[in-house]
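Please study the sequence and the three-dimensional structure shown here. The briefing below is arranged by topic.

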Amino acid sequence: MSIWDILKTDNAAPAVKPEYIIAGLGNPGPKYERTRHNCGFVAIDRMAEKYGVRIDRAKYQALIAMTSVGGHGVMLMKPQTLMNASGAAIQEAADFYKIPSDRIIVLCDDISLAPGIIRIRKNGSAGGHKGLKSIIACLGTDAFPRVKIGVGEKPNPEYDLADWVLCKIPDADRKAIDGRLDDIVGAVEMMIAGNTEQATQLYNRKG
């Protein structure tokens with residue numbers, strides 16, 4: 001079964017207090033499955049698959065799972081607001097657990113990157129991404145790391161952006177993204193370990 005399909009793993013969530021939030025961005029519901037905008041959901045599902053948990057507990061306007069990565073408690077999150085309000089879920093969980101912004105790692109799509117390219121950033125503007133814009137507004141800062149997942153540029157400047165990110169991603173592009181999911185998980189693990197610079201040097205060169 002493809003990672004793009006619903007995962008069937010057991011959610012044996014350990015009793016850990018999260019030190020980090022890893023949030024994959026997307027839109028909830030079958031209507032948005034396999035779209036460019038849901039690549040963050042796909043990436044966080046791969047991480048959940050690796051750690052043997054299922055992101056299915058409803059809390060903080062999101063679906064979450066608790067796990068441990070490199071000895072650190074981690075909350076895996078899929079906000080269940082629409083993309084444009086992703087920050088509300090992240091802020092609610094971060095406030096409850098008092099998690100600072102530099103320990104919130106966001107996985108999201110990026111239309112400026114070709115499929116199969118990823119870019120790690122320690123901070124930065126939304127760059128037109130409405131999910132990132134919502135998170136910046138809710139947290140009051142852009143100082144949170146993110147892993148951007150390339151989904152390809154619009155075919156022409158006149159093409160409607162919403163139509164582009166909400167349409168089904170072609171099989172060839174999806175294959176290119178699938179081929180980087182393990183790298184995305186590896187990058188996140190290095191970031192949690194405090195090795196963001198090394199992750200940037202390693203994974204930003206690939207693709």
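This is a predicted model: local features need pLDDT of at least 70, side-chain atom pairs count only at pLDDT 80 or more; totals for chains, interfaces and linings use all residues.

Residues are numbered from 1 along each chain as its sequence is written, and side-chain values use heavy atoms, with hydrogens and water left out.

**Salt bridges**

- A search of the whole structure finds ten salt bridges (a side-chain nitrogen of Lys or Arg within 4 Å of a carboxyl oxygen of Asp or Glu).
- One of them joins the side chains of D173 and R36, at 3.9 Å from N to O. This pair links distant parts of the chain, 137 residues apart: D173 belongs to helix α5 (residues 171-178) and R36 to the loop between β1 and α1. Helices (H or I, at least four residues) and strands (E, at least two) are DSSP runs, numbered from the N terminus.
- R36 is buried, with a relative accessible area of 2%, whereas D173 is partly exposed at 22%. Buried means under 20% relative accessible area, exposed over 50%, and partly exposed in between (1.4 Å probe, protein chains only).
- Another salt bridge brings together the side chains of K50 and E189, at 2.7 Å from N to O. Because K50 lies in helix α1 and E189 in helix α6, the pair ties together parts that are 139 residues apart in sequence. K50 counts as exposed, at 52% relative accessibility.
- R180 forms a salt bridge with D183, with 2.9 Å between the closest N and O atoms. R180 is buried at 7% relative accessibility, and D183 is buried at 17%.
- A network of salt bridges links R46, E49 and D182.

**Helix α7**

- T196, A199 and Y203 are buried in helix α7 (residues 196-203). They cover an arc of only 60° around the axis, so they lie on the same side of α7; the arc is that of the directions from the helix axis to the C-beta atoms.
- The cover over the buried residues of α7 includes β6 (118-121) and α6 (181-192).

**Residue N27**

- N27 is found in the loop between β1 (20-24) and α1 (39-50), and N27 is buried, with a relative accessible area of 6%.
- The side chain of N27 reaches the backbone nitrogen of M83 at 2.7 Å.

**Residue E19**

- E19 lies in the segment before β1 and is partly exposed, at 28% relative accessibility.
- The C-alpha atoms of E19 and M75 are separated by 7.9 Å, although the two residues are 56 residues apart along the chain.

Technical notes. Contact means heavy atoms within 4.5 Å. A polar contact is a pair of N or O atoms within 3.5 Å; within protein, one must be able to donate a hydrogen and the other to accept it, and residues adjacent in sequence count only if both atoms are side-chain atoms.
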